[in-house]
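This report covers selected local features of one structure. The sequence and the coordinates are shown first.

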Amino acid sequence: MDQQQIINDIRQYIETNILSGDIKINADTVLQDAGIDSFSIVEIILFIERKYGVAITDDKLVPENFRTLESLSLTVLELMKQS
Amino acid sequence: MNLFSHSPLPEKIPLSGSDCFHLVLDKHARKYNAGDNVMRIVFYFDKSLSKPEIEERLSHSALIHWLCNIRLVTPPFFRKPYWKYTDGGRKICVHEHEHAEEFSIPETVLNRDIPIDAERFIECDIVRYPTGRSVLSLSWNHILMDGRGIGMLVNHLNELDETNGLSPQDHFPVAEKRTGIYRYIRNMYEVKRFIQDSSRLPIASIAGKNAKSSKHFSNRIIYFTREETALIDQAAFKHGARFGANLFYLSCCAHAVNLINSQRGTEGDLWLPIPYDGRLKGSKGPVISNFVAYLFYRLTSTELLDVKTTVGSMNRQMAEQLKTEMSRKYNMLLKMMRHFPLWLYYFLISRTGEGNFSSFLYSSTGNNFNQVNHLFGMPVKNLTIYPSSTFPPGLTFSFLRHHDALNINIAYSSDILSKFELDFLEEKMRNLLFAGC
C-alpha cells in the first residue's frame with residue numbers, strides 16, 4: 001500500500017460521504033477549511049480503522065495529523081508499519 | 001407584479017423527521033402551558049436602523065416571502081404533515097420598539113409566540129436605544145429551521161443584492177429517497193432498544209420530578225472576549241477535545257448542572273440527546289427544515305469525576321454511535337414516525353423518561369456565525385441566538401462564536417432555577433471553561 005493509494009481512498013470516502021457534491025479536495029487541502037468538523041473526523045477515523053485494520057492511537061489524535069490528506073496518509077502509513 | 005414569478009416557490013414541503021419531532025415538542029409545550037419553541041437570532045448594531053429600509057431589503061427575499069405565506073397541514077390517515085404555500089401576498093411585519101436599557105431585549109419581543117397556526121412563521125423586530133444603537137431580531141418557530149439553517153438564511157439575506165433573492169433551489173429540501181419497510185422495522189427495533197437502555201430511569205433532570213409547568217422564562221448571556229475564548233480553546237484541547245471545543249463545552253455544562261443537582265441532593269446520571277448538523281459539509285442548503293442528527297450521551301457519576309473523564313466518555317459514546325450508525329437509524333425512526341398521528345407520537349416519546357426529554361438542553365452553532373461581519377451592509381457589532389424555551393427541562397445552553405469571541409445564551413425557567421443557582425451556574429461555567437474545574 002503506497003501513500004498515493006491511501007490519499008485516494010480517504011479522498012474518495014470524504015467526497016462521497018461527508019462533503020457536499022460540488023466540493024473537491026486534494027492532498028494539500030486543509031480539511032477544516034473544506035468543512036470537516038469533529039464529527040467528520042470521527043467518521044474518517046472509523047473508515048481508516050475499517051479499511052486498513054489499524055487503530056489510531058491516542059498520541060496520533062492531534063490536529064496536525066488530520067490537517068490535510070497528505071499528513072493523514074503519512075500517519076496511516078506509520079501505523080501500518082508499526083502493526 | 002409578482003417579484004418572484006419567474007422563480008416558482010414550492011407549494012408543498014413535507015416536514016422532516018426532526019421537524020416533526022419539534023412539532024411534538026410544540027405540543028408538549030402547549031400541554032405544560034410552558035415555553036414556546038421559538039428561536040431568535042439577535043444582531044447588535046452601533047447605529048440606528050431604519051424600518052422602511054429593513055422592510056425593503058426583506059421584501060426582496062423569496063425565502064422570507066415563502067415563510068410569510070405558508071400554513072401547516074397535518075392530514076389524517078397516516079400521511080405526513082407538510083407546509084402548504086399559497087401566495088396570499090403577506091409580507092413580513094417589522095415591529096419597532098424603543099427601549100431604555102442598552103442592548104437588553106424587551107419582553108414583548110422575547111415572549112412573542114409563533115404558534116403552529118400563526119399567520120406568519122417569521123417575525124422581525126427592531127429595538128432602538130437612547131444611545132443611537134439598535135438591534136434587529138428575527139424569530140421563527142423551530143419546526144421550520146435549525147441553527148445552521150438560520151446561518152444560511154443570513155448568508156442569503158446578505159447576498160440579495162447579487163442574486164436578487166431569486167435562486168431558491170438551494171433553500172428547500174429535495175425529495176427523499178425511499179426506504180424499504182423491512183429496513184425501517186429492523187432499524188426501529190434496534191433504535192428502540194438503544195434509546196430505552198440509554199435513557200433508562202433514574203435520570204437526574206434539572207427540572208426535578210415534581211415540576212409540571214413553567215411560564216417564567218428568562219435569559220442570561222455570558223460573554224467572553226477573544227482572549228478569553230482563546231484560553232477556553234486551550235483548556236478544551238488540554239481536556240481531550242482535540243478537534244473542536246464542542247464536547248468540552250457540553251462537558252462543562254454537564255458538570256455545572258451536576259453540581260447544582262448535588263447541592264439539591266438530586267444528583268444522578270445525566271441523559272443528553274445532542275443535535276448536530278446532518279447536512280453534507282460545505283453545502284449551501286437546505287435552509288428550510290431541521291437537518292440534524294442526534295447523539296445520545298449518558299453520563300454516570302464515574303464519568304462525571306472530572307471534565308477530562310467526561311470528554312473522554314463522550315468521545316467514546318460518539319464513536320460507538322457513529323460506528324453502529326445509530327444517528328442515521330434514529331433519523332430513519334423519526335422519518336417513519338411522521339406517519340403517526342401526533343397524539344400517538346407524543347404518547348410514545350413522552351413515555352420514555354417519564355416526560356423528561358433530557359437532563360438539560362444544549363446546542364452549539366460552531367463557527368457558523370463567526371464570520372458574519374455585516375447584515376444588509378451594516379457592520380454587526382455582536383450577535384447571539386436565543387434558544388427556544390423548552391420545558392421540561394427548562395434549561396438550555398446555546399453556544400455561539402462571533403469574531404472569535406464566545407457567548408453562551410442560557411434560557412432558563414425561574415421556576416426551575418433560583419437566582420442564587422443561576423449565579424452559581426455562571427460562576428461555575430466560567431471556572432470550568434477556563435480551567436476545567
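The text below goes through a helix, a sheet, the chain contact and some backbone features of this predicted model.

**Helix α7 of chain B**

Helix α7(B) runs over residues 181-198, which makes 18 residues. At 1.5 Å a residue, a helix of this number of residues should span 26 Å, and the end C-alpha atoms lie 25 Å apart, so the two values agree. Three residues of α7(B) are buried: Asn187(B), Val191(B) and Ile195(B). Seen down the axis of α7(B), these buried residues fall within an arc of 65 degrees, so they line one face of the helix.

The buried residues of α7(B) pack against α11 of chain B, residues 326-337. On the face turned away from the buried side, α7(B) carries the exposed residues Tyr182(B), Ile185(B), Tyr189(B), Arg193(B), Gln196(B) and Asp197(B).

**A three-stranded sheet in chain B**

Three strands of chain B form an open sheet with antiparallel pairing, in the order β1-β4-β3. The edge strands, each pairing on one side only, are β1 (12-14) and β3 (70-73) of chain B. On average, and with direction ignored, neighbouring strands of this sheet are turned by 25 degrees against each other. Between β1(B) and β4(B) (residues 82-85), the antiparallel pairing runs over three bridges. In β4(B), Tyr82(B) is the residue that stands opposite Pro14(B).

**Contact between the chains**

How many residues of chain A are in contact with chain B? There are 19 in chain A, and they meet 14 residues of chain B. The side of chain A that touches chain B has 13 nonpolar, four polar and two charged residues.

**Backbone features in loops of chain B**

| Residue(s) | Feature | Value | Loop |
|---|---|---|---|
| Gly285(B) to Pro286(B) | cis peptide bond | omega near -5 degrees | Pro286(B): between β9 (270-277) and β10 (292-299) of chain B |
| Phe391(B) to Pro392(B) | cis peptide bond | omega near -20 degrees | Pro392(B): between β14 (382-386) and β15 (395-402) of chain B |
| Phe376(B) | positive phi | about 50 degrees | between β12 (374-375) and β13 (378-379) of chain B |

**Met378 of chain B**

Met378(B) is in strand β13 of chain B. With 17 other C-beta atoms within 10 Å, Met378(B) counts as partly exposed. Leaving aside residues up to four places away in sequence, Met378(B) touches Phe45(B) and Lys47(B). Leu361(B) is 17 residues from Met378(B) in sequence, and the two C-alpha atoms are 33 Å apart in space.

Note on methods
Residues are numbered from 1 along each chain as its sequence is written. Chains are lettered from A and ligands numbered from 1 in the order in which they are written. This is a predicted model: local features need pLDDT of at least 70, side-chain atom pairs count only at pLDDT 80 or more; totals for chains, interfaces and linings use all residues. Helices (H or I, at least four residues) and strands (E, at least two) are DSSP runs, numbered from the N terminus. The expected span of a helix is 1.5 Å times one less than its number of residues. A residue is buried if 20 or more other C-beta atoms lie within 10 Å of its own, exposed if 12 or fewer, and partly exposed in between; C-beta atoms are placed from the backbone. The arc is that of the directions from the helix axis to the C-beta atoms. Two residues are in contact if their C-beta atoms, placed from the backbone, lie within 7 Å. Two strands pair if DSSP finds at least two bridges between them. Axes are lines fitted to C-alpha atoms, for helices over the stretch in contact, and angles run from 0 to 180 degrees between N-to-C directions. Ala, Val, Leu, Ile, Met, Phe, Trp, Tyr, Cys and Pro count as nonpolar, Asp, Glu, Lys and Arg as charged, and the others, Gly among them, as polar.
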